[in-house]
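Work through the exercises below with the model in view. Try each task before you read its solution.

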Amino acid sequence: MIPDPLLDALHRARHVVVFSGAGVSAESGIPTFRDSLTGLWERFDAASLATPEAFRADPALVWGWYEWRRMKVLQAQPNPAHMAIAELARHVPHLTLVTQNVDDLHERAGSTDVIHLHGSLHQPRCFNCGKSPDTSRTMPDEPEGGRRLEPPRCAACSGQLRPGVVWFGESLPTEALNTAFAAAQSCDLLISVGTSGMVYPAAEVPGLAWHAGAVVVHVNPQPQTDRSEREFALAGPAGEQLPLLIRQVFGQATPG
Ligand code: BV8
Ligand code: ZN
């Protein structure tokens, strides 16, 4: 049952921020960071693979892991949570979507101007000179559960390509982070969906909105809320909770 004050806040909101994490892609079959990683990766934890040191130490292992993840995204479809977020943008005067995810499922669901705080699987760049290859990237040639793959070479300097994501210990894109922080501090309502809120500075976004006076709602099967007023939790999968929230406030069934 969605609390009336939350329904009311969304109905009246002029500027809504949606802040998403891996959980919003879970119902598309994309493993979250907290899921035990399958195949070759069960011996590693994501945080140890998602670092420049890991790439330098074993480029083929790290590149293979990201190609496995990119392949899973290419084979996946946006789920009702992604669709509901894209639909929400059509109901509220202004919506800012900030994601920690490196997949393109928000875009494929129809969301635009998606702010990627941690980069994207779909924009590799040269580890040496930073250039991005201009050829669109095809499906990796290892469709099964991922394995070591030598990274391709840069056409400009023959350096090794790296995934276009932000690794642990690397700075976030300044403009993306500033835009996300500004939106959090000026919105009326922030929907945090599918995130364990453990990685900084991205994890600061919901707190910035709350301290600036916004209503904050956490959509998560295991929501973590630590404030009383103006903070709500919708305990359940995003693919169910978000369409429900939209239907109750705007009355339209969401597609899919
Ligand atoms: C930086 C891209 C400055 C790569 C990612 C000690 C204390 C505090 C901070 C630090 C510290 N030591 C180091 C740091 C900094 C570090 C950090 O925060 N570490 C953490 C582990 C403590 N941060 C950094 O290094 C950042 N950079 O600080 O730069 C700097 C610069 C130079 C030198 C020094 C410092 C960079 C961090 C970016 C890392 N890159 N992603 C890739 O994807 O491979 S992080 C990655 O994990 C995600 O992007 C995301 O941000 C994060 C957590 O994932 P979530 O999205 O929350 O997903 P998770 O699996 O955790 O949870 C899923 C949730 O979904 C759960 O809650 C679950 O219940 C829920 N769920 C499940 N199913 C559903 C669902 N919800 C809804 N519906 C469902 N169906
Ligand atoms: Zn190069």
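Predicted model: local features only at pLDDT ≥ 70, side-chain atom pairs only at ≥ 80, totals over all residues.

Residues are numbered from 1 along each chain as its sequence is written, chains are lettered from A and ligands numbered from 1 in the order in which they are written, and side-chain values use heavy atoms, without hydrogens and water.

**Exercise 1.** Give the strand order of the open sheet, then find its edges.

*Solution.* Start with the terms. Strands are DSSP runs of E with at least two residues; helices are runs of H or I with at least four; both are numbered from the N terminus. Two strands pair if DSSP finds at least two bridges between them. Next, read the order: six strands run 3-2-1-6-7-8, with parallel pairing. Strand 3 (115-116) and strand 8 (231-235) each have a single partner strand, so one side of each lacks a neighbour in the sheet.

**Exercise 2.** Follow the pairing of strand 1 with strand 2.

*Solution.* Strand 1 covers residues 15-20 and strand 2 residues 94-99. Six bridges join them in the parallel sense. Valine 17 has threonine 96 of strand 2 as its bridge partner.

**Exercise 3.** Which strands does helix 9 touch?

*Solution.* Contact means heavy atoms within 4.5 Å. Helix 9 (residues 204-211) packs on the sheet and touches strand 1, strand 6, strand 7 (215-220) and strand 8. Its direction makes about 155° with that of strand 6. Axes are lines fitted to C-alpha atoms, for helices over the stretch in contact, and angles run from 0 to 180 degrees between N-to-C directions.

**Exercise 4.** Where are proline 201 and aspartate 113 found?

*Solution.* Proline 201 sits in the loop between strand 6 and helix 9. A cis peptide bond joins tyrosine 200 to proline 201, with omega about 0°. Aspartate 113 is in the loop between helix 7 (105-108) and strand 3. Its phi is near 50°, positive in a residue other than glycine.
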